[in-house]
Amino acid sequence: MAKLQNALAKKIPDWRNEIRALVKKHGGKKISDVTVMQAYGGMRGVKGMICDTSEVPPDKGLLVRNIPIGELTDKTPEDIFYLLCTGELPNARDRKALTEELASRAKVPSYVWKVLEAMPANSHPMCMLDTAILAMQRESKFAKAYAAGMSKMDYWKPTLEDSLDLLAKIPVIAAGVYRMRFRKGKRISPRKDLSWAENYARMLGVPDKSGEFADCMRLYLVLHCDHEGGNVSAHTCHLVGSALSDAYYAVSAGLNGLAGPLHGLANQECLKWVLELKKQFRGVPTDEQLRKFAWDTLNSGKVIPGYGHAVLRVTDPRFTAFRAFGMKHFPDDPVMKLVDKIYTIVPGVLKEHGKAKNPWPNVDAGSGALLYHYGLREFSYYTVLFSVSRAMGMLSQLIINRAMGSPIERPKSVTTAWVKSQFK
Ligand code: CMX
């Protein structure tokens, strides 16, 4: 950990000074107004928080520390976590040190497995993952240091410790959940000589002689890493963490939000939708059949999963990266072909429908086809994979918020009677 801690220790004083000066000079100026519609409409577009790890310009998609995600598709998750935390990509030595650091912290306490074994056999894998993370709260170094008394200036240090512990263990737990929940046999232990993504791919136990599945997992973990601060999971993690709840409390809370069908669960829903389509038309449907299938979904009051976004207004570059991977490695795969065909038809249907502000695919529209191809076919597990990656974003945001001394979050709510009284 020394290397990442040192890199952060060098940067944090400058970041603190910069923010202090910014607030001193411009603290009274406005960056947003809030309309009644926004107050009732999920605060969409309200600028009310800071996140420096990443941003999502509606016309570009994810930038990680100002680098377009499309330019990071050859990186490893270690590169990405280092980048999220420090604003710089690591050199080979720093990357290796982080891989070794994570490998050295990967042991999951035995009581976690007992808790999971005690859960009903049909528990949702997301509930199992979140329960396991919450169960480990007693390991928190932040909670111990806080109880013992520490300076506010040092909060980020045990938060970094907790983050590395948690990040190291999440793939081990996630793979254990997969093997336990879907009766795949014994758990597979992590290896010290493998990277974070390679270990996760191996521990899942999906046959992978060529190493292509491991590469798919590397890409998957890179692409889902972070999506600025206001999405449900990041914001929940930030909110819970703002009460100085430790990383275990904060990340499990954030992941409970990721488990919702309008957020991370959409990848499970999306592949289900694609396979229903495939089943109904015994393969790839005609354009007209696909159009009708999409309209039937909309007319039954459901959303088309994998399409639309609260912020994005273009095709998600993460979808583009998944599609490119699929088209490179298995262009003739029937599910991949379907995903591609849906991309040519559904945006037109959504535009005609006229409700969704963004008719284009999001990250969840393509990821399932890749997993399905490699034999990972238990849809209800897909959001767990998303979670393993998104932990990097939530944890890096938490570390930085602690370092910047972010206060407890407490926006003001108003009553409907108050709103009425304003516009008499
Ligand atoms: N299918 C049908 N209707 C859609 C739609 C879609 N894919 N996307 C948006 N709409 C509808 C909304 O439900 C809303 O309808 P109402 O006015 O009846 O409530 C209307 O269009 C306007 O919504 P919006 O402003 O365009 O989108 P929101 O910011 O409210 O919601 C999101 C964004 C992602 C929840 C929504 O697009 C959606 O439900 N998509 C499908 C689920 C999905 O793919 N989620 C994953 C997002 C990425 C992630 O977090 O993982």
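1. Arg318 and Asp316 are both buried in this predicted model. The two residues form a salt bridge, with 2.6 Å between the closest N and O atoms. By the rule applied, the count of salt bridges comes to 23.

2. Glu378 pairs with Lys184 in a salt bridge, the closest N and O atoms lying 2.9 Å apart. This pair links distant parts of the chain, 194 residues apart: Glu378 sits in the loop between helix H17 (364-373) and helix H18 (382-403), and Lys184 in the loop between helix H8 (156-181) and helix H9 (196-204). Glu378 counts as buried at 15% relative accessibility, while Lys184, at 33%, counts as partly exposed.

3. A salt bridge also joins the side chains of Lys30 and Asp33, at 3.0 Å from N to O. Lys30 is exposed, with a relative accessible area of 66%, and Asp33 is exposed at 52%.

4. The ligand is surrounded by 21 residues, and the closest are His263, Tyr307, Lys355, Lys357 and Asp364. By class, this shell holds eleven nonpolar, six polar and four charged residues. An oxygen atom of the ligand lies 2.9 Å from a polar side-chain atom of Arg44. Nitrogen atoms of the ligand lie 3.1 Å from a backbone N or O atom of Leu262 and 2.9 Å from a polar backbone atom of Ile304. The protein buries 76% of the 890 Å² that the ligand exposes when taken alone.

5. Ile19, Leu22 and Val23 make a nonpolar surface patch of about 260 Å². Ile19 belongs to helix H1 (residues 2-26) and is partly exposed, with a relative accessible area of 33%.

Key
Residues numbered from 1 in each chain as written. Predicted model: local features only at pLDDT ≥ 70, side-chain atom pairs only at ≥ 80, totals over all residues. Heavy atoms only, no water. Patch = residues over 30% accessible without salt bridge, like charges linked within 9 Å, V, L, I, M, F, W, Y side chains within 5 Å. Areas by Shrake-Rupley, 256 points an atom, 1.4 Å probe, with all protein chains shown as cover. Salt bridge = Lys/Arg side-chain N within 4 Å of Asp/Glu carboxyl O. Helix = DSSP H or I, 4+ residues; strand = E, 2+ residues; numbered from the N terminus. Buried < 20%, exposed > 50% of the residue type's maximum accessible area, 1.4 Å probe, protein only. Near = heavy atom within 4 Å. Polar contact = N/O pair within 3.5 Å; in protein donor to acceptor, adjacent residues only side chain to side chain. Nonpolar A, V, L, I, M, F, W, Y, C, P; charged D, E, K, R; others polar.
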